[in-house]
Amino acid sequence: MNFIQEALITTDEETIKYHILFTLAFNKSNTPMSIFDYDTNRYIDVNPAFLKAFEYKREEVIGKTTAEINMYEEPEIRDHLIESLIKTGKVKSDNLRILTKTGDRRIGSLAAEVFELNGKKYIYSVMNDLTESVSIKEAIVKRERLYRKITENISDVVVIVNKDQENTYVSPNMKRLFGIDPKNALGPIDLLSAHPEDKPLVTAFFNDLIHKGPESEDMLEIRFVRPDGNINIVEINARNLTTDPVIQGILANYHDISERRKLENKIEEEAERYHALIESSKAMIWVVDPVNFGVMTYNSTFYNYFKSERNIELKVGMKPEELVPPDYVKDWYARYQKAKDEGPFEVIYQTVTRTKYLRLSLYPMIVNGEIIGCVRVWG
């Protein structure tokens, strides 16, 4: 005779009706339920949901204590729950680590209460399996930590700007990269300190993106004034994600390109110096493409020679067959190829007019691994 059958031994019709309803609820519920003997803490009944959740057969549980079936991963927690139940008559607890028969861990919440029937005390227990929801929560927390770690260490500051041109999110690395506390940057876009002359550009930039509509993209380069007064050159790459349920705004990446801009300026200065050098030379200097040997660039001395001596208007891309008579074309291709294959060499060259002998120096230029033939002629 189980607990429910024993409870029906009564002459009270209302009580019998109550216990019949309880029996139906107990056995049909998808929530693990159990009933203990108060004095011995032994199971006297469990419902099918309990057996399914914890992988037991009924006979493996009835008459046993939770300790005997190793139900709790932390026995001291079980002992604390029993003590609380004895003192107060009821107990609730979350995030309990419960073990199944096979040793799998379940995360559960427990609600238990002491009740009396026919002069005897029992404990009614309900256990909710929270394993899946806890796992999801832990995954979310882990993902949030990961994303935070990424945003703290990437070289771009991530900013979300809403339709009212307010910063609704500024990534934590704003402090490290630009010296501004991200919390202090929330609000009007002016809080991200663009140079006074660039602020109208920033306003127009985000305004245009909003009017262009979802998925539109654009880029803007600005001067960013740090709290210490120093200026960084920043490239803003932005995309309109106002219809995205998570972003709900314009997603903008603030990328510091100060060092890149310094390098580009240095390269440009070097190029200007190089150009000035070859332009000031009395020697004819030109560079040809290493593939088709067409002219890529040249100095004014070279240009003037062809203009005055050959009446040819020199243009970029012109090949040997456009610059010299047919009888000379093959030799010029051979010279360029030799410089490309074997390296620098010199040769005495007689001009087409046969009025001058020139020392011709040919040598390959290597830029980013690419060979460019540079030819220099001395008169």
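Asp228 lies in the loop between S9 and S10. Helices (H or I, at least four residues) and strands (E, at least two) are DSSP runs, numbered from the N terminus. The model is predicted: local features need pLDDT of at least 70, side-chain atom pairs count only at pLDDT 80 or more, and totals for chains, interfaces and linings use all residues. Residues are numbered from 1 along each chain as its sequence is written, and side-chain values use heavy atoms, with hydrogens and water left out.

The side chain of Asp228 reaches the backbone nitrogen of Asn230 at 3.0 Å. This is a polar contact, defined as a pair of N or O atoms within 3.5 Å; within protein, one must be able to donate a hydrogen and the other to accept it, and residues adjacent in sequence count only if both atoms are side-chain atoms. Phe178 is 50 residues from Asp228 along the chain, yet their C-alpha atoms are separated by 9.6 Å.

The chain holds 11 helices and 16 strands. Of its 379 residues, 38% are buried. Buried means under 20% relative accessible area, exposed over 50%, and partly exposed in between (1.4 Å probe, protein chains only). The accessible surface comes to about 22,800 Å², with 52% belonging to carbon and sulfur atoms. Areas come from the Shrake-Rupley method with a 1.4 Å probe; for residues, only the protein chains shown count as cover. Among contacts (heavy atoms within 4.5 Å) between residues at least 6 apart in sequence, 38% join residues at least 24 apart.

The largest nonpolar core has 24 residues. Such a core is a set of buried Ala, Val, Leu, Ile, Met, Phe, Trp, Tyr and Cys residues joined through side-chain atoms within 4.5 Å. Phe206, Ile236 and Tyr254 have the most contacts inside this core. At least two core residues each come from S6 (156–161), H6 (174–178), H7 (199–212), S9 (217–225), S10 (231–241) and S11 (249–256). H7 gives the most, with four residues. Leaving out residues up to four places away in sequence, Phe206 touches Val161, Gln165, Ile189, Ile236, Ile250, Ala252 and Tyr254. A second, separate core of 23 residues includes Val288, Val295, Phe302 and Leu314.

Two buried asparagines lie in strands. Asn167 is in S7 (residues 166–170) and counts as buried at 3% relative accessibility. Its side chain reaches the backbone oxygen of Ala185 at 3.0 Å and that of Pro188 at 3.5 Å. Beyond four places in sequence, the contacts of Asn167 include Val159, Val161, Leu186, Ile189 and Leu192. Asn232 lies in S10 and counts as buried at 9% relative accessibility. The side chains of Asn232 and Asp256 make a polar contact at 2.7 Å. Among the other residues that Asn232 touches, beyond four places in sequence, are Phe178, Ile222 and Ser258.

Helix H11 covers residues 326–342. At 1.5 Å a residue, its 17 residues should span 24 Å, and its end C-alpha atoms are 25 Å apart, which agrees. The expected span is 1.5 Å times one less than the number of residues. Tyr328, Val329, Trp332, Arg335, Tyr336 and Ala339 are buried in H11. Seen down the axis, the buried residues fall within an arc of 135°, so they line one face of the helix. The arc is that of the directions from the helix axis to the C-beta atoms. The face turned away from the buried side carries the exposed residues Pro326, Asp327, Lys330, Asp341 and Glu342. Gly343 follows H11, with a positive phi near 105°.
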